[in-house]
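Okay, everyone, let me put this one up on the screen.

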Amino acid sequence: MAQTMAYKCPSCGGELEFDSQSQKMSCPYCDNKYDVESLRQYDEVLNQQQADNMEWNENAGQSWADGEMDSMNVYICNGCGAEIVTDDATTGATFCPYCNSPVVLSGKFSGALKPDLVIPFALDKAAAVASLEKHLKGKKLLPKAFKEQNHIEEVKGVYVPFWLFDTDSHGNVNFEGQKVRTWRSGNYRYTETSHFLIHRSGSVAFQGVPVDGSSKMPDDLMESIEPFDLSKAVDFQTAYLSGYLADKYDVTAEESVSRANARIKQSTEDALRSTVNGFSSVVAKNSSVTFSNSKYKYALYPVWILNTTWNGERYLFAMNGQTGKFVGNLPMDKGAFWRWFGLTAGITAVISYILLNFGNYFLG
Amino acid sequence: MKKIINLFLVLAICLLSISTAFADETKNFVFDNAASIVEEKEDELNSLSQRMYDDYGIEVFVAVASNLNGSISKFSQDIFEHHNTTDDGVLLTIIEDRNEAYIYTSGRMEGLLKEKDIKKLIDVYQNSISIQQGACDVLMALNAELEKDSVQNIPADRLNPRVVDDADLLNTGEEQALLSKLDEISETYQCDVAVVTVNSLQGKSARNFADDYYDYNGYGMGESDDGVLLVISMEDRDWYVTTHAFGLTAITDYGLDKMSDKFVPYLSDGEYYNAFMSYANSCEKYISMARDGKPYDRNTAKGEDRKDGYILGIVPSIIIALIVALCVTLKLKSDLKSVAPKRAAANYQIPNSLNITNSYETFLYKNVRKTKIESSSSSGGSSSHRSSSGRSHGGGGGKF
C-alpha cells in the first residue's frame, strides 16, 4: 500500500513540492527551499512529540511510634477552621496565626502521618521582629500609620507542612533558533536570517522541591521565602514543637503534585536551554518531560508569621525561620503615590525644558 | 528556419533605428587618424566638446594626422567644413611628425579668439607632455575662455526696476509700496531684493527662466552681483526664488524652506501683495543676519524663532516628565510587593546533575532582506547649480 506524505513548510505551513532544478523541497507560497534530509529530521522530531510522563511513587511519611502523640494537642480556630498542633507545654496557642481569631483546644493529636523531616528554627522571635522593622524601612509609598499600628509582638513561630519532591527528570526539547547576519553593500543593507531546528535531550536531578501542604498558608507567600536548606533538616522529634505551633497538612501529596511538576518541568527546560549557544534568538517549540526515581517526603519547615489588619485589608508577613528572608506585600498610600508623581514630573519637566531649549548655551 | 530569419530581420531593424537615435545624442568631435589618442582620452575630449556645445553652442573639433602634405590652414578648413553643423566653431589640428598644432576659428569664435588668444592656446599645447594631454589642455583652456566671454554678456547695471509686474497681479498703489520697500531693503544691505511676475515661462523651466532673467537683466548689486529674485509665473502657477553671490549665502536651503512656508499660502490664496511683502520681510531678516555673519540656517534659527521655539519646547519636556515620573513611582510601588510564586525549581537542582544525552542543530532555511539606506540630509548651507550663463545660482521653487 503506497503511503503519500505531505511535508509542511516550517516557515508558513504550506504544502511543499519537490523542485527538480534545485533538488530541494520548495514552498510555492513563501518561496523557501529546504533540504530533503533536514525536512525528514524536522518532521520526525515533530511526530515524536511525546506527552509528559511525570509520575510519583507514593512513599512519604512514616507512622507514629507509640506514645509520641501523647503530648501533642490540637487546637481548632473558630474563624478559619485551621487546625493548629502544639505540645502540652506551649500555652502560646491562643490565637490563630492566620486570622487572629481565638483557637480552642479540641483534643489530643491523632491520626495523620508523622513528618519525615523537620528544619528547626534557627532564628528567634527577636530576629523576626528586627526583620519586620527592616522590611518596613525605606518604603517611600508605605502609609505612615501602618508602621505605627502593626502588632509586632504578635509574630508567631509556626511549622508549616510541606511536601518535598525528589526526582530525575528527563527532558526532550525542540527549539527554533535564528542566526542573523547583516552587511552593507552600496546603498543597501542586507539582513540574512538563518533558521535552525535545535534539539536537546538530557536529564537533571532534583531534590527537595517544596510544595506548601497547608491550604491556609498562601502558596505564593511560602514560595517567596524559599529556599530552605535541606542539609540542615533532621528527623522529626516531638520535642522540636515546643514553644512553636505546627500546622497539620490538609492538602494531600496528590494535590500538590501538579505544582511540583510545573516547576520541575520548567527548570528542566531551562537547563536544556542553557546549553544552546551562538544564536541570536532561541524559542522553545515543544518539550516533553519524563520522571524516574521519583519520590516525595513530608516535612515541617520553620516560618515566623505575622498577620495584620489595616484599613479593612488583611496583610500576612512571613519570615523564613532558617534563613531570615522576610516577605509580605505592603499597602500603598495613594496620596503619597501622586505626590511623588507630581514632584518628579515637575522637576523633570523643568530640567528637560531647560536642557532642550537652552542646552546649546551650556554646551557652547 | 523561416521564423529565425524573420526574428533576425526584426531585431536588425530595431537595432538600426535605435542606433540612429543614439547617433544624434553623442557627436564625435575627435578625428584621430594617427592613433595617438587612447580611447579613454578620446572619450574625455568628446565629453568636453559636447559640454561646450551644450552650454555655449560652439563646436570644438580635434583632428590628428600623422603627416601632412600642403598647408595646415587649408587642411584645417577642409576638415572643419566637412564636419561642422553650425557656423561657430574651433578646430585644433595636430600634425604628429612635425609636432605642429594649428587652431582654426569660424563664425563667432573668429571675433572671440584674437591672435594673442590663439598664440596662448598653442603655447598651452606645446607645454604639455603628450599629444592627447595637449589636446585636453587646449580644450579646457577654451572652455575657460568661453565661460569668461559669456559672463560679459551680462549687463553691469540693472535694466529693470526691482518690481516688474507683467502679470498684473498688483494695483498701482501696491506696486509702489512694494517697490519702495524693496528699494529700501536693497540699498540698506547692498543686496538686490526683487520680484518679477510673468504670465508665461516661455517654455523654459522655472529655474532657468529665473536664473536667466536675473543674469541677463543685470540684477545684483556690488562687484559680485549680490541679490535675490522671486519669479511668479501664472501659466502653471510656478514660483521660484533665485539667488546669486551674497544672496546665495544669505538665503540658505533651510531659510528658503521657512520663507516659502510663509509666503506661498498667500500666493495660493491670491493675496499677492501680502505674499510679496512677506517675501520682502523674510529676505530683509535673512540678509541682515547674513551681513552680521550668521546666516539664518538650521543651527542659527533656534535663537531667532524665539516665540515659536520656546512655546513648542514645552511639549517634549512634559512628555519626558510624565514618562520619568511614571517610571519612578511604579518602581516605588513595586518596592512594596515582595510576594510572588516561583517560576521554576532552580534552587533544588542537584548541582552538576545536568547530563545531555542527545543534541543536534539542523539548518532549515534562510532568507535575506534588503533595505535601502536613506542618505541623511545636509545639516545646513545652500545648494547651488550653474545657470546657462555659467554663473552659480542658488534657490528653489514650487507650485502654488
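So, quick one to start: is B:D183 buried, partly exposed or exposed? At 25% relative accessibility, B:D183 is partly exposed; buried here means under 20% relative accessible area, exposed means over 50%, and partly exposed is in between, with a 1.4 Å probe and protein chains only.

Before I go on, the housekeeping. This is a predicted model, where local features need pLDDT of at least 70 and side-chain atom pairs count only at pLDDT 80 or more, while totals for chains, interfaces and linings use all residues. Residues are numbered from 1 along each chain as its sequence is written, chains are lettered from A and ligands numbered from 1 in the order in which they are written, and side-chain values use heavy atoms, with hydrogens and water left out.

By salt bridge I mean a side-chain nitrogen of Lys or Arg within 4 Å of a carboxyl oxygen of Asp or Glu. The two partners come from distant parts of the chain, 21 residues apart: B:D183 sits in helix α7 (residues 172-189), and B:R162 in the loop between α6 and β5. Helices and strands are DSSP runs, by the way: H or I of at least four residues, or E of at least two, numbered from the N terminus. B:R162 itself is buried, at 3%.

Next up, B:D192 pairs with B:R158, at 3.6 Å from N to O. That one spans 34 residues, from strand β6 (residues 192-198) to the loop between α6 (131-151) and β5 (163-165). B:D192 is buried at 1%, whereas B:R158 is partly exposed at 31%.

Over all chains the count is 25 salt bridges. One of them is B:E361 with A:R200, at 2.8 Å between the closest N and O atoms. This pair crosses between chains, strand β9 of chain B to strand β9 of chain A. B:E361 is partly exposed at 39%, but A:R200 is buried at 4%.

Now the backbone. The peptide bond from A:E226 to A:P227 is cis, omega near 5°, and A:P227 is in the loop between α4 (219-224) and β10 (234-235). In chain B, two non-glycine residues have positive phi: B:D225, near 65°, and B:R237, near 55°. B:D225 is buried at 11%, while B:R237 is partly exposed at 32%.
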